[in-house]
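Please keep the sequence and the structure in view while reading.

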Amino acid sequence: MSTPTAIYVRISRDTEGMGLGVKRQRGDCEALATKLGWTVVETYEDNDVSATRSKPRPAYQRMMADVERGKVQAVVVWDVDRLTRTPRELEDVIDHADRIGLRLASVGGDIDLATEQGRMMARMKGTVARYEIEQSRRRLKAKHKELAASGAHVGPRPFGWDFDADRALVINPAEAATVRECVDRVLAGDGIWKVTRDLNDQGVLTSTGRQWQTQVLRRMLLRWRNCGVRTHLGKEAGQGQWDPIVDRETHERVVALLTDPARRSNNRGTEPKYLLTSVAYCGECGGHVVGTNEFTYAVKGGLRTDGTRGPSRTRVYAHAYKCPNADCLKVQRNMADVDEHVTRVVLGVLERDGVRLLGGDPVAAEAARERISALDAKLALTADQFADDVITGDQLKRITERLRPQLAAERARLSQAQPEASLAEYTGPGVASAWDAADVETRKRLLRLLGMKITIERVGSGNGRSYDPDSVTIEWAGA
Ligand SMILES: [Zn+2]
C-alpha cells in the first residue's frame, strides 16, 4: 500500500517576494509525491503573512492531529522552513518521526528525519531561518525607536489627519470635528456603543473606509496622538510632528473615563440587552440578577427521532433572570413575565406622576458631571504617578482620601440634578409609545431615575409554571 501523504503549504511575506506562491509550492510538492510513489490524501494550506509572530496556524494544527491519528504517514513540503517556524515546532515533528515513523520529503532538498544527519540538516536550516528573522526584527526595532524620538508618525493614515506630499500628518477638518464630537459625547456620559451606532447611521467611515466598531472607536479615542503626543511601545516618547485635535487635559479626562474599571458597565462596548440585568435584585441574597438565555431540557412523550415511541428530551431555550451569586443561585424567573409586569407598573407611574418624578436640573447636572470627570482624571493620574514611583504610597493615600469624598458629593449632586429635559416625552399620556420606541439603555436609565427597586423573590418549587406577580416586588422613590 502506498503511503498516505499530506502536502503542507504556507504562504508568507517572504515567499510572496520570491514568487513562491501557494500554487507553485503545491505543484512542486505534488510532483515530488508522485515521484516518490506516495498518495496525497490532503493538502493543508495556511496563510501566515507575519512569520515573525506566533500566530496560530489552523491547517498545520489540523495536519498534526491527522498525523497523530494515523491518517497521514508522510508530509511533503517545499522546504522545511515552510513546515516549522520555530526550533520547538521542528522538535515536535522530529518527535513524531521517532514515535510513529512520520516521513518527510522536501522539494528544496531531501531531509530524512530518520537519520542523524537529516535531523542535523533540518535543525541547521531552522536555526539559520530563525537568525534571519531575529536580525530583521532587531533592525526594525532600532528604526522604530529612532522614528519615535523624532516625533514622526509611522503607519497607515490615522482617522483625523491626512498625509501631505511628504507623508507628514495634516488635520482633516471633517474627521477632526468627528473626533471632537465623539470626545464630547463620551465625556457627557454617552455609551461607546451608542456613539458607534450613530457614526454608522451618519455614514461616517473609518480611515480604512470601514464601518465603526465599538473597539475601534474606543481605541481611536484613547490614542495619545489626539492631543499631539507621540508614544512608543505604550509610553510617551515626546511631542508628535502634527497638530493635536483635542487639548491634553480633555484627552486625559477621556482616558480616565474610558479606563476606569468602576465605570466599566457604562463603557461596555455592547448595547445592553436585558431590561433588568444589574437593575433588579435577588430576594434571597440582595445581589443583582442577570438576564440569560439558556437551555433546559424538556421531557416530552411521542415520536423520537429514531422512529421509536417514548419520552425524549428536547432542548428548550428560555430567557430568564437569575441570581448569578455562586453562594445563592436561588432565584430564577421567566424574563418575559417579569419584563411585562415591570413595564406595566413603570408606564402607570410615568403616565400619572412622570413630570414630578423626572423633573430635574440639567445645568446643575452638567456642572456636576464636569467636576466628576475632572476628579476621576485626577485620581487616575495619581494612581499612575504612584505606579511610576513619582509619589509614595502615603501620598497616594492622602490624595485619594481627600478626593474620594469630593467625588461622592458630586455624584450625589448629579443624581439629584438628573434628569434632563429630553426625558419629557416619557411623561404623560404618550409614554407607552415613547417607551416602545426607546432602546434598552434608555429604559434602564428611566428605571434608575425613578428609583425603582425591583426585587425578584424566591418561589417554592411546587409553584408550577404560572407567573405570580406577587413574587416580584416593585418599590420606587416618591411613591
Ligand atoms: Zn441571590
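Helices, of at least four residues, and strands, of at least two, are DSSP runs that are numbered from the N terminus. The chain described here, which is a predicted model, holds 16 helices and 14 strands. Of its 479 residues, 23% count as buried. Among contacts with a separation of 6 or more, 65% are made by residues 24 or more positions apart.

- Strand β1 (residues 4–11) runs parallel to strand β3 (residues 74–77), and four bridges join the two.
- Within this pairing, Tyr8 has Val77 of β3 as its bridge partner.

- Trp38 is located in the loop between α2 (22–36) and β2.
- Is Trp38 buried or exposed? Trp38 counts as buried, because it has 21 C-beta neighbours inside 10 Å and the cut-off for a buried residue is 20 or more.
- Although Trp38 and Thr3 are 35 residues apart along the chain, their C-alpha atoms are separated by 5.0 Å.
- When neighbours within four places in sequence are left aside, the contacts of Trp38 are Ser2, Thr3, Thr5, Ala33 and Ala74.

**The mixed sheet of three strands**

- A further open sheet has three strands in the order β9-β13-β14, and its pairing is mixed.
- Strands β9 (281–282) and β14 (472–475) are the edge strands, each of which pairs on one side only.
- Strand β13 (residues 453–456) pairs with β14 in the antiparallel sense, over four bridges.
- Thr455 stands opposite Thr473 of β14.

**Helices α8 and α9**

- Helix α8 (residues 192–201) packs against helix α9 (residues 214–222) at an angle of about 105°, and their axes are 9 Å apart.
- How are α8 and α9 oriented to each other? They are roughly perpendicular, because angles of 65 to 115 degrees are classed in this way.
- On the α8 side, Ile192, Trp193, Val195 and Thr196 take part, and they meet Thr214, Leu217 and Arg218 in α9.
- The contact of α8 with α9 comprises four nonpolar, two polar and one charged residues.

**Helices α7 and α10**

- The angle between helix α7 (residues 173–187) and helix α10 (residues 248–259) is about 50°, and their axes lie 10 Å apart.
- This angle makes α7 oblique to α10.
- The two helices, α7 and α10, cross in a left-handed manner.
- Val183, Val186 and Leu187 of α7 make the contact with Thr250, Arg253, Val254, Leu257 and Leu258 of α10.
- By class, the contact of α7 with α10 contains six nonpolar residues, one polar residue and one charged residue.
- Helix α10 also contains Val255, which counts as buried because 21 C-beta neighbours lie inside 10 Å.
- The C-alpha atoms of Val255 and Arg218 are separated by 9.8 Å, while the two residues are 37 residues apart along the chain.

**Residues with positive phi**

- Most residues other than glycine have a negative phi.
- Ser278, a residue other than glycine, has a positive phi near 60°.
- Ser278 lies in the loop between α11 (264–267) and β9, and is partly exposed, with 15 other C-beta atoms within 10 Å.
- Leu329 likewise has a positive phi, near 55°, in a residue other than glycine.
- The loop between β11 (312–322) and β12 (332–334) holds Leu329, which counts as partly exposed with 13 C-beta neighbours inside 10 Å.

Technical notes:
Residues numbered from 1 in each chain as written. Predicted model: local features only at pLDDT ≥ 70, side-chain atom pairs only at ≥ 80, totals over all residues. Pairing = 2+ DSSP bridges. Buried ≥ 20, exposed ≤ 12 C-beta atoms within 10 Å, placed from the backbone. Contact = placed C-beta atoms within 7 Å. Axes fitted to C-alpha atoms, helices over the stretch in contact; angles between N-to-C directions. Parallel < 35°, antiparallel > 145°, perpendicular 65-115°, else oblique. Nonpolar A, V, L, I, M, F, W, Y, C, P; charged D, E, K, R; others polar. Left-handed = near helix turned anticlockwise from the far one by under 90°.
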